[in-house]
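User: Please take a close look at one part of this model, namely its strand pairing, and describe that part in a connected account. Please also state the criteria behind each term.

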Amino acid sequence: DWSTATARVGFEGTWKGEWQAVPTDRIVLTVLGGAWWLRSGDEDPGITTAPSASDSFLGTSFGSSSAIGGRNPQDRYQVRASAEWYKSGAGGTHGLKVGTDIFEMRAERGSVSRGVLGNYSLTFLNGVSDRITVFSSPVTPKQPQLALYFYAQDRWAVGPKVTLNLGVNVHRQSASLNPGGFCRDAAEGPAAVIFPAQCYPEDAPPVFAGLAPRAHLSYDISGR
């Protein structure tokens with residue numbers, strides 16, 4: 001049914017910046033940062049004032065779209081920084097590098113009130129009323145995620161034939177649902193009986209952290 005159309009609205013943006021410096025002939029400093037964001041949702045195109053409905057037996061949908069009122073904010077932020085130091089001497093040549101990578105993101109699914117369309121959806125079974133689905137609108141969950149990486153590595157050319165690659169990576173990944181707790185208003189209309197004003201505690205899955213050492217030895221049989 002054409003009446004189930006929605007008006008998808010939103011905008012997105014992105015930016016990137018990079019800085020590099022060579023303070024000496026042995027040191028290289030690099031910083032790279034960027035971001036991407038999206039704000040999108042489905043608005044009422046004004047085609048109908050009927051609530052969302054479908055027939056599970058006939059496989060048809062009619063009335064307004066159940067997607068109207070949905071909100072989809074997304075963010076991605078990332079920063080990388082590194083320092084490289086080169087040194088040669090009696091013990092061979094070293095290419096030492098240390099750095100970090102910070103990545104923060106969120107991808108949330110919320111909703112605002114559907115107004116005259118009603119915060120519910122009707123389901124029929126071959127034309128006979130079967131059930132009603134009540135939406136908890138309005139609701140605005142928060143779901144941030146953060147990943148931190150730190151690393152150090154050394155490419156040590158011991159001689160013309162032997163090279164050692166040594167390194168270690170330390171990482172930590174965390175996420176949270178409604179950081180600091182979340183209090184929501186009661187759903188609009190009769191739905192408030194099912195979804196009253198309520199507060200929820202923060203819910204955080206286990207933090208994933210680890211340490212990953214690395215060692216690699218290469219030998220050039222030609223010595224070139």
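Analyst: Strand β2 and strand β5 (residues 70-89) run antiparallel and are joined by 15 bridges. Strands are DSSP runs of E with at least two residues, while helices are runs of H or I with at least four residues, and both are numbered from the N terminus. Two strands count as paired if DSSP finds at least two bridges between them. The model is predicted: local features require a pLDDT of at least 70 and side-chain atom pairs count only at pLDDT 80 or more, whereas totals for chains, interfaces and linings use all residues. Residues are numbered from 1 along each chain as its sequence is written, and side-chain values use heavy atoms, with hydrogens and water left out.

Over the protein chain, the mean pLDDT is 90, and 98% of residues reach 70 or more.

L32 is a residue of strand β2. With a relative accessible area of 25%, L32 is partly exposed; buried means under 20%, exposed over 50%, and partly exposed in between, using a 1.4 Å probe and protein chains only. Leaving aside residues up to four places away in sequence, L32 touches K16, G17, E18, Q78, V79 and R80, where contact means heavy atoms within 4.5 Å. L32 and D101 are 69 residues apart in sequence, and their C-alpha atoms are 9.5 Å apart in space. As a general point, side chains in a regular strand alternate between the two faces of the sheet.

With strand β6 (residues 92-107), β5 pairs in the antiparallel sense over 16 bridges, and Q74 stands opposite A107 in β6. With strand β7 (residues 110-111), β5 pairs, again antiparallel, over 2 bridges, and R71 stands opposite G110 in β7.

Another antiparallel pairing joins strand β8 (residues 120-125) to strand β9 (residues 128-134) over 6 bridges. Here S121 stands opposite T133 in β9. β8 and β9 form a hairpin with 2 residues between them, and N126 in the turn has a positive phi of about 55°.

Note on methods
pLDDT = per-residue confidence, 0-100.
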